Amino acid sequence: MDFSTRLRRQSRSVSDAIEKLLVDQRTNSDLRAALKYTLGAPGKHVRSVLVLWCCELVSGQTNRDAEIASMAIEMVHTYSLVHDDLPAMDDDDMRRGLPTCHKAFDEATAILTGDALLTLAFEILATRIDKPATAVKLIRQLAKDAGADGMIAGQMADLKAEQTAGTEETLEYIHVNKTAKMFRCAAAMGAICGGASQKQFDSLCEYGLNIGLAFQIADDILDETASSEQLGKTAGKDLRAAKCTYPAVVGMDRAKEIQQKLTCAAMDALEPFGVKADTLRQLAKALLERTK
C-alpha cells in the first residue's frame with residue numbers, strides 16, 4: 001500500500017470512529033446536526049493520524065487509547081476552526097470546501113458547536129481511557145498545548161499582529177503556538193498511548209513541533225499561491241487582512257527555505273527510530289509538498 005492510500009484510509013478510520021461516537025451521544029438534535037456537519041466535512045485529519053502513527057511507532061501497533069486520543073485532538077482542532085471562522089475572528093464563509101458552520105447554521109449555533117467539541121474532547125479522554133494515569137497525561141498534554149499557553153495564545157497574538165509590520169520573532173511566536181504545538185501535542189499523545197520512553201517521547205515531540213511549523217508555513221504560502229477551489233477556503237485572506245505570515249515578513253523564497261529546513265529537522269529527530277519511522281518521514285515530506 002502506498003503512502004497516500006494509507007493516509008487516506010487512516011483518515012477515513014478516524015472519521016468513521018467519530019461518526020460512531022456521535023451516534024452514541026445523547027445530544028440535542030440541532031446541536032447534533034451541527035456537530036455532524038463540522039466533524040463530517042472532508043479534511044486531512046493529519047493531527048489525528050499523527051496520534052495513531054506515533055503510537056504505532058513506539059508500541060508496534062495502534063490501540064484503543066490512541067483511537068480515543070485521535071478523536072479528541074480532531075474535536076479540539078475542529079472547534080478551533082469553527083470559532084476561527086466566526087465574524088469576530090477571521091470572518092470566513094468557506095471551510096473544507098463547504099459553508100462554514102455559522103453560515104450553514106447561525107453564529108450562536110457555531111459558538112455552541114465549538115464549545116461542545118472542546119468539552120466533548122476532554123469528556124472522552126476522561127471517561128473512555130482505561131488507565132487513570134494515562135487519561136491524566138493525555139488531558140494534561142491537550143489542555144497545555146490547546147490552551148492559554150498554546151493554541152489560544154497564538155491565536156490572540158495573530159489577531160493583535162494584523163495590520164502591523166511584524167517581525168520574525170513575533171511570527172515564530174504566533175505560528176509555534178497557534179499551529180505547531182497542536183502537532184507536537186498529537187505526537188506526544190500518540191507516544192503516551194504507546195508507552196514511549198522519555199527519549200522516544202522527546203524525539204517525537206521535536207518531530208511534531210517541526211512539522212507543525214512547516215505545515216503553517218505551507219498554509220501561508222498556499223494562501224498566496226493557490227485558488228479557493230484548491231484550498232477549500234477563501235484564498236488570499238491573509239494578504240488582504242495584512243496578517244503576520246512568513247511570505248509577508250521574510251519573503252516567499254526565504255519562507256520556502258525555512259520550511260525545507262524544518263522538514264529536515266523533523267526527519268533528523270526520527271533518527272533514533274531507524275527505518276521504523278519511515279511512515280513519519282513520508283508524512284513530513286508529504287506536508288512539505290502539499291498543494292491544498
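Author: On a 1 Å grid over the protein atoms alone, a pocket is an open set of points with protein on both sides within 12 Å along at least five of seven lines, a cavity is a set where a 1.4 Å probe fits but cannot get out, and lining residues have an atom within 4 Å of a point. This is a predicted model, in which local features need pLDDT of at least 70 and side-chain atom pairs count only at pLDDT 80 or more, while totals for chains, interfaces and linings use all residues. Residues are numbered from 1 along each chain as its sequence is written, and side-chain values use heavy atoms, with hydrogens and water left out.

Reader: Which element gives the largest share of the lining of the second largest pocket?

Author: Helices (DSSP runs of H or I, at least four residues) and strands (E, at least two) are numbered from the N terminus. Two or more lining residues come from each of α7, α9 and α10. The largest share, 3 residues, belongs to α7.

Reader: How much space lies in the second largest pocket?

Author: A volume is the space filled by probe spheres set on the grid points, which are joined across faces, edges and corners. For the second largest pocket, that space is about 180 Å³.

Reader: How far apart are the end C-alpha atoms of helix α7?

Author: Helix α7 covers residues 132-146, which is 15 residues. The expected span is 1.5 Å times one less than the number of residues, so 21 Å is what α7 should reach. The model agrees, because the end C-alpha atoms of α7 are apart by 21 Å.

Reader: Within what arc do the buried residues of α7 fall?

Author: Buried means under 20% relative accessible area, exposed over 50% and partly exposed in between, with a 1.4 Å probe and protein chains only. In α7 the buried residues are Thr134, Ala135, Leu138, Gln141, Leu142, Asp145 and Ala146. They line one face of the helix, because the directions from the axis to their C-beta atoms fall within an arc of 135 degrees.

Reader: And which exposed residues does the face of α7 turned away from its buried side carry?

Author: An α-helix has 3.6 residues a turn, so residues three or four places apart point the same way. On the face of α7 turned away from the buried side, the exposed residues are Pro132, Ala133, Arg140 and Lys144.

Reader: Is Asp130 buried or exposed?

Author: Asp130 sits in the loop between α6 (107-128) and α7. From Asp130 to Cys264 the C-alpha distance is 37 Å, across 134 residues of sequence. With a relative accessible area of 62%, Asp130 is exposed.

Reader: Which residues of the largest cavity's lining lie nearest its centre?

Author: The largest cavity holds about 120 Å³ of space. Helices α2 (29-40) and α4 (64-84) and strand β2 (98-99) each supply at least two lining residues, with the largest share, 3 residues, coming from α4. Of the 13 lining residues, those nearest the centre are Thr38, Ala41, Val82, Arg95 and Cys101.

Reader: About how many helical turns separate Asp16 and Arg12?

Author: The side chains of Asp16 and Arg12 meet in a salt bridge, 3.0 Å from N to O. Asp16 is partly exposed at 39% relative accessibility, as is Arg12 at 44%. Because they are 4 residues apart in helix α1 (residues 3-24), the separation is about one helical turn.

Key
A salt bridge is a side-chain nitrogen of Lys or Arg within 4 Å of a carboxyl oxygen of Asp or Glu.
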